[in-house]
Amino acid sequence: MTEADRTLELLPPGTPVDLSNCEREPIHVPGSIQPRGVLIEVTDPDFVVRQVSENLADLVGLPWQDALGLPLADLLGPAPAGAVARSASGFGDLRERNPVEITLDVAGSPVPVDALLHRVAQGGDGDPASSLVVELEPARGPRPFSFPNTYQAVRGTIGELNRASSLQELYDITAQAVRTLTGFDRVMVYRYDAEYNGEVVAEAKAPQLNSFLGLHYPASDIPAQARALYEKNWIRLISDVDYTPARLRRAEGTAAEPPLDLTYSTLRSVSPIHVEYLKNMGVRASMSISLLREDKLWGLIACHHYSGPHAPPYATRAAAEFLGSTLSLRLVDRAEEDEVHRALRVRSTLAWLTAATLDEDRPLVDTLLGSPSLLDLLSADGVAVHLQGRRATAGAALPEGLADRIAAWAAGHGGDVVATDALRRTAPALGVPVAPACGVVVLPLPEGQYVLWFRGEAVRHIDWGGDPHNKAIAAREGDEVRLSPRKSFERWQEVVRGRSEPWLPRELAEVVELRSHLLEALYARSRSIVRAAETLQRSLLTDPPQPAHLQVAVRYVPAAREAQVGGDWYDVFLQPDGSTVLVIGDVAGHDTAAAACMSQLRGVLRGIAFDNREGPAQVLTRLDAAIAGLQLGALATVLIGRLEQSAADRAAGVHRLRWASAGHLPPLVVAPDGTQRLLTTPRAGLLLGVDPLAVRPEREVVLEQGSTLLLYTDGLVERRDQAFDDGIDVLGRALAEERDRPVEEVCDALLRRLLPDGAEDDVALVAVRLLPRAEGDAGAR
């Protein structure tokens with residue numbers, strides 16, 4: 001669901017708008033345009049005029065009333081209309097071929113014009129019929145460069161961006177380049193936080209202007225529906241805030257038709273609230289360029305002009321937009337580079353600590369607080385540990401007994417990790433002073449043991465562009481009082497106290513992995529082997545997610561002859577795009593080392609696959625490379641599957657499974673009618689840990705809704721008194737006979753039928769029922 005989908009229901013077009021309801025304003029259908037150009041909507045493909053802006057005569061020389069129903073060639077002339085038709089007949093996005101450079105004959109004088117084309121559904125998103133929108137902007141006067149030379153115009157800046165060594169340098173180069181290119185008085189790079197509050201992180205301005213650098217602006221300054229438009233249409237120009245909107249006109253008798261969607265229009269009239277906001281700032285013209293990361297709005301390049309109207313030609317705007325797109329790509333590259341370096345450092349620390357904890361001759365406390373230490377894994381002011389009867393700290397110290405009280409509070413929450421950046425607010429009963437432990441991360445461990453990181457208070461001074469808590473003023477208009485945007489944008493400082501630096505999600509995910517390794521170490525050192533093994537299993541092999549369109553069940557059964565965790569494992573998790581990743585694996589060995597290796601592989605695989613769009617085979621290749629690079633010495637079979645369902649698949653009642661195998665047993669599928677299918681590959685993929693350059697085949701299969709998919713390890717089908725293939729056949733028949741049960745019951749029934757005397761080897765299972773759409777909707781949880 002997009003942010004726009006989460007907003008309140010939009011107001012009917014034409015409803016009066018002020019700050020009390022502007023977050024519901026339907027800004028994509030304003031019913032008017034900015035009059036620096038004209039808009040013509042024509043039928044497609046016969047190009048008959050359906051709708052025009054009422055300022056048509058200003059550019060074309062014909063009243064709008066006379067244009068309705070005319071062929072486009074009669075309105076613009078054969079040559080310009082022909083150029084528009086040729087561009088419209090091409091494949092792909094018409095906007096990629098804009099502008100169409102044409103010349104109009106107006107009262108015997110040639111007028112050069114940029115024609116900007118895009119298509120729009122006539123009846124909204126669900127209507128397959130579309131019309132062509134033709135926007136005409138005069139191109140009078142010399143152009144700084146022709147549109148085909150856009151890249152050449154910014155080539156030098158692209159080189160500077162590629163050579164930039166820091167994010168701040170990227171911001172500064174872009175701001176200066178866009179100002180030089182467009183001539184605006186002020187250009188700012190504006191970055192959003194997680195709540196869409198904005199901060200000016202770079203600025204290029206005329207010398208006489210005061211600086212906005214470092215100022216923050218509340219999320220309400222740009223409502224959600226405006227941010228959604230910025231994600232679709234990457235540039236917006238208001239050439240004169242004092243413009244009078246030119247209404248869109250169409251033939252009588254068509255009032256019942258929905259208003260024209262101007263989402264992708266360059267002339268779209270903007271919200272009067274936003275115009276008022278700009279006027280309150282003293283801005284006479286503005287332009288905004290979207291900065292995106294993974295198709296989500298990350299920030300804006302905001303351009304302001306104060307000395308009067310300002311209308312950079314389309315080619316100039318296109319070059320500026322190109323710069324914005326380049327900055328977006330470089331920001332993503334830079335963020336990914338920084339994250340890779342950070343993740344490698346953390347992985348190295350985690351791997352060292354994991355290996356060191358296996359040395360039973362050295363106390364765990366000494367291992368974790370040595371070099372590298374827990375503070376190298378997670379940055380904090382200090383860390384306190386209580387393990388195997390010993391307590392110790394590193395970094396800053398806590399008052400005596402405070403760590404135990406915080407750990408006891410965290411243990412009461414029941415989670416694997418408990419984190420807060422405002423402990424005094426989260427747990428006021430503890431009476432914790434702000435100074436030493438304003439924020440904490442706690443790993444509760446068995447028998448009252450724990451690891452606790454803490455950070456002191458981080459006092460933040462935030463400079464806002466005006467008071468963010470007083471965003472509106474009341475103005476009387478006749479007999480009514482209307483809420484309008486604030487008029488003061490003076491620097492207003494807010495002091496935020498009582499919080500530490502926040503704990504980032506990736507940091508918490510890494511300490512959860514550490515918890516798994518610590519449980520392994522405690523298990524290996526504990527006299528209560530069975531109890532520690534059960535705790536470790538719960539930590540490593542967690543309950544799977546339950547998306548509405550799937551029913552998922554998992555099982556892990558240790559070998560009956562061994563009271564310890566082996567190397568079999570499963571994993572199920574959702575990717576950001578909604579796909580479900582299924583993993584089943586088996587590390588060679590049946591000892592603590594195999595369990596430790598399994599935990600490492602599971603953690604590394606999650607890190608690689610969580611946001612990976614390259615497919616299961618590529619994930620296996622990267623996992624193999626990680627095994628070699630981190631010198632894990634692992635040898636394992638792994639199968640990775642990715643369940644996807646597009647809108648078309650949902651309509652067809654099917655799911656898609658993409659999978660790849662590193663020497664693992666093939667998945668088994670039973671259709672609703674009981675038909676069995678073993679999903680084999682033409683050639684078995686090589687085990688992990690043999691050849692880091694190995695390439696494994698990837699397959700895709702379409703599965704009928706109602707089918708049951710089973711991933712399993714060899715302990716389920718391999719027995720001393722039974723051939724391997726016979727075990728597969730028995731499993732297939734059992735799954736077919738149990739297919740009508742819920743998958744939780746299916747797993748239990750399979751274990752009872754195939755392992756009546758217990759497992760000779762450890763066993764892992766993942767069972768997935770592909771639910772029909774109606775059942776999925778009803779079973780969402």
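In which loop is Phe47 found? In this predicted model, Phe47 is found in the loop between β2 and β3.

**Positive phi values**

The phi angle of Phe47 is near 60°, which is a positive value in a residue other than glycine. Is Phe47 buried or exposed? Its relative accessible area is 17%; because buried means under 20%, Phe47 is buried.

A positive phi also occurs at Gln388, a residue other than glycine, where the angle is near 50°. Gln388 is placed in the loop between β14 (382–387) and β15 (390–395). With a relative accessibility of 38%, Gln388 counts as partly exposed.

| Residue | Phi | Relative accessibility |
|---|---|---|
| Phe47 | Phe47: near 60° | Phe47: 17%, buried |
| Gln388 | Gln388: near 50° | Gln388: 38%, partly exposed |

**Cis peptide bonds**

The loop between β2 (38–43) and β3 (49–53) also holds Pro45. The peptide bond that joins Asp44 and Pro45 is cis, and its omega is about 25°.

Where does Pro99 lie? Pro99 has its place in the loop between α5 (78–88) and β4 (100–106). A cis peptide bond leads from Asn98 to Pro99, with omega near 0°.

In summary, the loop between β2 and β3 contains Phe47 as well as Pro45, whereas Gln388 belongs to the loop between β14 and β15 and Pro99 to the loop between α5 and β4.

Definitions and conventions. Residues numbered from 1 in each chain as written. Predicted model: local features only at pLDDT ≥ 70, side-chain atom pairs only at ≥ 80, totals over all residues. Heavy atoms only, no water. Helix = DSSP H or I, 4+ residues; strand = E, 2+ residues; numbered from the N terminus. Buried < 20%, exposed > 50% of the residue type's maximum accessible area, 1.4 Å probe, protein only.
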